[in-house]
Amino acid sequence: MVNIDFSQLGLTGCGGAGFPTHVKLAARNVEAVIVNAAECEPLLHKDKEIMRHCSDDFFKGLTRVLDVTGAKTGYIGMKKKYADLLDWLSKNLPDPRMKMLPLGDFYPAGDEYELVYEATGRLIPHGGIPLNIGCVVMNVETLLNLGRNKPFISKFLTLAGKVPHPCTIEVPIGITVREALELGGLKKIGGMRIIDGGPMMGKLVANPDTDIVSKTCGGLIALPEDHVLIKKMSNSDKKNSQIARSACDQCTDCSELCPRALLGYPIRPHKAMRTAQFAPYAESNYAIDSIFCSECGLCSLFSCPEDLPPREMCMISKKYHLGKGVKLAEFPGEPTVHPMRSVRRVSIERLIKKLALLDYDHKAPLQQVSKSYDKVTLPLKMHIGAPSVPVVKTGDRVTAGQLIAVIPEGKLGAVLHASINGKVASVSDQAIVIVRE
Ligand code: SF4
Ligand code: SF4
């Protein structure tokens, strides 16, 4: 086990909420490091492309994490369906501590609760984290960046959907969504909406000219604005609440197929729907088990035969209860895997059909990007925790990789680096803008 300060790389998780990596790497008593290479969001391929083309740095990163945490095993969780890549990786593992972990083609195979269970047969306790059962889960791109051992200033992402040339690219953090999509040949965005992330858990881009490629962006998916997925994602909380009140017949399909419920956690999305039907949230605790919702979206986008929004109701209820101080760890009982889990899991093939994404299900090979960019906008908060604190001022000249914002004293956070050479055009409490001179 070795002690290294990783906090100066600015690394965060490369999807989801962006948990600062150096905090994860401070973990001790780790038995297993589990790599999330499942990439179960439909249409996204950047992790496979990284492993195909940058395996040296990826393996270096995994070796560093195994050394630092003292873990005995590094599992690489990848779907069996990528047989060629899985086979090639298994034959080229550079360290006897590393093992491939073949996964079924289900959603959400990359959820850390699922991965930990598949790798170790153990379940994360209520309100716990993987470390409670000796595991650390890392994603592919974070390991690549650790292997490179350089500041985190560029991002891999897949361009998918209605782009002329679906591909995976590596671009400076802070370029606009429009600039990124142009690399896939999409010159005009009119009549389309863009999803930042995967179709299941991504968010709609508000404005492709001001929204940027952040540290957590794993993909940009362009879809016609009348696509069923875009319509669903566009609904407000108010609209979702109205829909929820109007039509749920309490069939419970959403709960029967909920991946967290199948692992044995006490989440029952049909109860969140019942709450919505019969009581105002502020007066009800019917749906208190919604705090266990991972927001995976399966219930709203696949399971419900009436196309209702149980996930969204769970999210409202979860926010309410967590805001009231309810703690997952205090929830009684222990998770026990549902006996029907193995037959109730949802395949990606069925999911893609249900999401009406068959026409967009293409490979996205890594494409070299030679273009240089004139401007980047670097938000001070692209991670969980406190915003970074600028250490540059307007007019300063910076070079790519230079430290421009630090972690506030005693807080959880991540440092920030310039992603291009240039001059600081502005510094606000939201972002640092750099322009090329
Ligand atoms: S939300 Fe849909 S799946 Fe869930 S109970 Fe209601 S009708 Fe059934
Ligand atoms: S989004 Fe729905 S299916 Fe997913 S964990 Fe939450 S309740 Fe379960």
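Modeller: Let's take strand β5 (residues 135-139): five of its five residues are buried, so the rest of the structure largely encloses it. Buried here means under 20% relative accessible area, exposed means over 50%, and partly exposed is in between (1.4 Å probe, protein chains only). Strands (E, at least two residues) and helices (H or I, at least four) are DSSP runs numbered from the N terminus. Bear in mind that this is a predicted model: local features need pLDDT of at least 70, side-chain atom pairs count only at pLDDT 80 or more, and totals for chains, interfaces and linings use all residues. As for bookkeeping, residues are numbered from 1 along each chain as its sequence is written, chains are lettered from A and ligands numbered from 1 in the order in which they are written, and side-chain values use heavy atoms, leaving out hydrogens and water.

Back to the strand. In a regular strand, side chains alternate between the two faces of the sheet. In β5 both faces are covered, with Cys135, Val137 and Asn139 buried on one side and Val136 and Met138 buried on the other. β5 pairs in the parallel sense with strand β1 (residues 32-36), over five bridges; strands count as paired if DSSP finds at least two bridges between them. Within that pairing, Asn139 of β5 stands opposite Asn36.

Next, helix α6. Thr142 sits in this helix and is buried, at a relative accessible area of 2%. Leaving aside residues up to four places away in sequence, Thr142 touches Leu11, Thr12, Gly13, Cys14 and Thr21, where contact means heavy atoms within 4.5 Å. α6 (residues 140-148) also packs with helix α2 (residues 46-53), at an angle of about 35 degrees and with the axes 9 Å apart. Those axes are lines fitted to C-alpha atoms, for helices over the stretch in contact, and angles run from 0 to 180 degrees between N-to-C directions. On the α2 side the contact uses Lys46, Asp47, Ile50 and Met51, and on the α6 side Val140, Glu141 and Leu144. By class, that gives four nonpolar, no polar and three charged residues. For those classes, Ala, Val, Leu, Ile, Met, Phe, Trp, Tyr, Cys and Pro are nonpolar, Asp, Glu, Lys and Arg are charged, and the others, Gly among them, are polar.

Then there's helix α14 (residues 310-323). Its 14 residues should span 20 Å at 1.5 Å a residue, which agrees with end C-alpha atoms 20 Å apart; the expected span is 1.5 Å times one less than the number of residues. Among its buried residues are Pro310, Met313, Ile316 and His321. The cover over the buried residues of α14 includes α9 (237-247), α10 (253-257), α12 (269-278) and α13 (298-303).

If you're wondering about cysteines, a search of the whole structure finds zero disulfides, a disulfide being a pair of cysteine sulfur atoms within 2.5 Å. For Cys314, the nearest cysteine sulfur is that of Cys293, 4.6 Å away. Cys314 counts as buried because its relative accessibility is 1%, and Cys258 counts as buried at 11%.
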